Amino acid sequence: MGPTLVFGHRNPDNDSICSAVAYAHLKNVTEPDHVYVAARLGPMPPETTWVFERFGVDPPDEIEHVRMRAADAMTDDVATVSPETTLMEAGRLMGERGVRALPVVEDGLPRGLLTTESLANRFLDDHAMRGFSTRPTTVARLAAAL
């Protein structure tokens, strides 16, 4: 894991930037096994530039944003299911892998997304208990589920 960024609010003022620098320094001293880096979420106000120059401290780098991106949540080892995977198998896989969603992939192409919410809705839906007339199944699948 990389360094932890320490920053204040957007369009920072003197207090926000100086607090981030001081807190990052404190964390680096008290937790030497990890790296904390001060940052700021906007341009330096003139009075803050003066403070850093006056005390000979390098100002923190400006970071563009702190929004989460898909790349921040992606993993290399993605668990997927096929359209033929039973809901029970998918539910077990979600539990084993500790995930709340599984991409449904067919012939190497994404076909959908199975979520814990959709699984719960399927099992809790009153209409799901009406029989198999709208959801045909095979004897082999029934035996596998049992």
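Two strands are said to pair if DSSP finds at least two bridges between them, and helices (H or I, at least four residues) and strands (E, at least two) are here DSSP runs, numbered from the N terminus. By that criterion, 3 strands form an open sheet in the order β1-β2-β3, with parallel pairing. This is a predicted model, in which local features need pLDDT of at least 70 and side-chain atom pairs count only at pLDDT 80 or more, while totals for chains, interfaces and linings use all residues. Residues are numbered from 1 along each chain as its sequence is written, and side-chain values use heavy atoms, with hydrogens and water left out.

The chain as a whole contains 6 helices and 5 strands, and from the N terminus on its elements follow the order β-α-β-α-β-α-α-β-β-α-α. Its radius of gyration, taken over C-alpha atoms, is 26 Å, well over the 15 Å that the globule rule (2.2 Å times the number of residues to the power 0.38) gives for 146 residues, so the chain is more spread out than a compact globule. Along the principal axes, the C-alpha atoms fill a box of roughly 80 × 30 × 30 Å. Of the 146 residues, 21% count as buried, where buried means under 20% relative accessible area, exposed means over 50%, and partly exposed lies in between (1.4 Å probe, protein chains only). The accessible surface of the chain comes to about 11100 Å², of which 56% belongs to carbon and sulfur atoms; such areas come from the Shrake-Rupley method with a 1.4 Å probe, and for residues only the protein chains shown count as cover. If contact is taken as heavy atoms within 4.5 Å, then among contacts between residues at least 6 apart in sequence, 42% join residues at least 24 apart.

Strand β2, residues 36-40, is mostly covered, with 4 of its 5 residues buried. On one side, 3 bridges join β2 to the parallel strand β1, residues 4-6; within this pairing T4 stands opposite Y36, and V6 has A38 as its bridge partner. The chain passes from β1 through helix α1, residues 14-30, to β2, and this β-α-β crossover is right-handed, a term that applies if, with the strands pointing away from the viewer, the path from the first strand over the helix to the second runs clockwise. Strand β3, residues 61-62, is likewise parallel to β2 and is joined to it by 2 bridges, and E62 of β3 is the bridge partner of R40. Here too the β-α-β unit is right-handed, being made of β2, helix α2 (residues 46-54) and β3.

The stretch between β1 and α1 deserves a separate look. The loop between these two elements holds N11, a residue that has a positive phi of about 50° although it is not a glycine. Most residues other than glycine have a negative phi. N11 is exposed, with a relative accessible area of 60%. In helix α1 itself lies S16, which counts as buried at 10% relative accessibility and which, not counting residues up to four places away in sequence, touches G8 and H9.

After α4 comes G98, whose phi is positive, near 65°. The loop between β4 and β5 contains D107, which is not a glycine and yet has a positive phi of about 55°; D107 is exposed, with a relative accessible area of 72%.
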